[in-house]
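Trainee: I'd like to go through the pockets and cores of this model with you. Could we take them one at a time?

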Amino acid sequence: MDTAILRKWLKAGLIYQGQLQATEAGTPQGGIISPTLANVTLNGLERGLISHLGAKFGIAKAKKLKIHVVRYADDFVITGDSKEVLVSEVRPWVEAFLAVRGLQLSEEKTRITHIDHGFDFLGWNFRKYSKKMLIKPSKKNAQAFYCKVGETISGNKAVRQEDLIRLLNPMLRGWAQYHHPVVAKQAYSRMEHLIFQRLWWWAKRRHPQKSADWVRKKYFHSVGDRRWVFAAPVVTKDGSKGLLELYQISGTVIKRHVKIKGDFDPFDPTWEQYGEKLRQDRMWDSMRYRRQWATLYMSQGGSCAHCGTALTDETGWHDHHLEYRMHGGKDTLSNRALLHPHCHHQVHAGKIVVTKPVLS
């Protein structure tokens, strides 16, 4: 850790609304800089631990111990082949590593457990069921989220239905999309059922003299094949009438995370094409980026910016940055062009400069 650079960074100040402000009071709890500092502080944890074990047991035996570090800011998990090695070798070394940096393990959060019993990490529960590894939303995470939703509903007893829906939808969408790479369908259905019960209580409370059927018809609607959808009639921008629906948690598509190659370096030009492909795959489901690709396609006359032949569904296409992102290139349309996949490979392999085509 370069302490000189860190000291200059912390004292550099910040610019807010065009004004330079001094930073002399330390970093705020939960601030955006906190996880960055934790990453900087814990850099070398895995390398140092593997080096320590290799020096003590030999490289070949150290590999058989299956010691791996998974780190996210100041949270980390260390795996090992046996409990004895984790207790006698790994934990003492980690405690010494942290002590030098003025840190210590949290006794409340630190434990050693077997994978068959599972553990919670970053809101997920990791556990083997009959030798099959499953990652699910943790019970603690789901309970905390339900309490947050319940407080929002309870704290807005008198608001209009559409206002309540607008308050809840970002929360529901964010929670569901956070868990969409894991085994979450059961958790989704359970959460949706619990929230429905709270909303039914919210609606019934507003009209104590009305029948349950009257309340159902006022606050719940049928949308396609779905029944009992919490939705409010609204007038759209074009003046037509529609329904503002509560976000359907169980309708969130489960999409497994694609592991990134361990050697990937976003600042290495040789990895630029791989990084562009990762970004393109990640953005494919975004309607905003699809519109951008449609704009690029039309601006290029439907042709590849390198070879000039047609781009089709059969040939496919890649989104290429004219000036590499690692060299300061932006994501603006003026710095992007569509190429055939094989042309994209030729451009990067031959370091060919691509220019945006000009239509006549």
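Mentor: Happy to. For the lining classes, Asp, Glu, Lys and Arg count as charged, while Gly is among the residues counted as polar. Keep in mind that this is a predicted model.

Trainee: How do the residues of the lining of the second largest pocket divide into nonpolar, polar and charged?

Mentor: This pocket has a volume of about 810 Å³. Its lining has 27 residues, and the closest to the pocket centre include H257, D281 and R282. By class, the lining divides into 12 nonpolar, five polar and 10 charged residues.

Trainee: Which element gives the largest share of the lining of the second largest pocket?

Mentor: Domain 2 (161–251) and domain 3 (269–350) each contribute at least three residues to this lining. Two elements give two or more residues, α7 (161–178) and α10 (272–283). The largest share, nine residues, comes from α10.

Trainee: Which residues have the most contacts inside the largest nonpolar core?

Mentor: Elements that each supply at least two residues of this core include α6 (139–154), α7, α8 (185–206) and β9 (226–235). L172 touches F145, V149, I195, L246, Y247 and I249, leaving aside residues up to four places away in sequence. Within this core of 36 residues, the most contacts belong to L168, L172, F230 and I249.

Trainee: How many residues does the second, separate core have?

Mentor: Members of the second core include L45, I78, V94 and F97. That core is separate, and its residue count is 17.

Conventions. Residues are numbered from 1 along each chain as its sequence is written. This is a predicted model: local features need pLDDT of at least 70, side-chain atom pairs count only at pLDDT 80 or more; totals for chains, interfaces and linings use all residues. Side-chain values use heavy atoms; hydrogens and water are left out. On a 1 Å grid over the protein atoms alone, a cavity is a set of points where a 1.4 Å probe fits but cannot get out, and a pocket is an open set with protein on both sides within 12 Å along at least five of seven lines; lining residues have an atom within 4 Å of a point. Grid points are joined across faces, edges and corners, and a volume is the space filled by probe spheres set on the points. Helices (H or I, at least four residues) and strands (E, at least two) are DSSP runs, numbered from the N terminus. Domain bounds come from an automatic or database domain assignment. A nonpolar core is a set of buried Ala, Val, Leu, Ile, Met, Phe, Trp, Tyr and Cys residues joined through side-chain atoms within 4.5 Å. Buried means under 20% relative accessible area, exposed over 50%, partly exposed in between (1.4 Å probe, protein chains only). Contact means heavy atoms within 4.5 Å.
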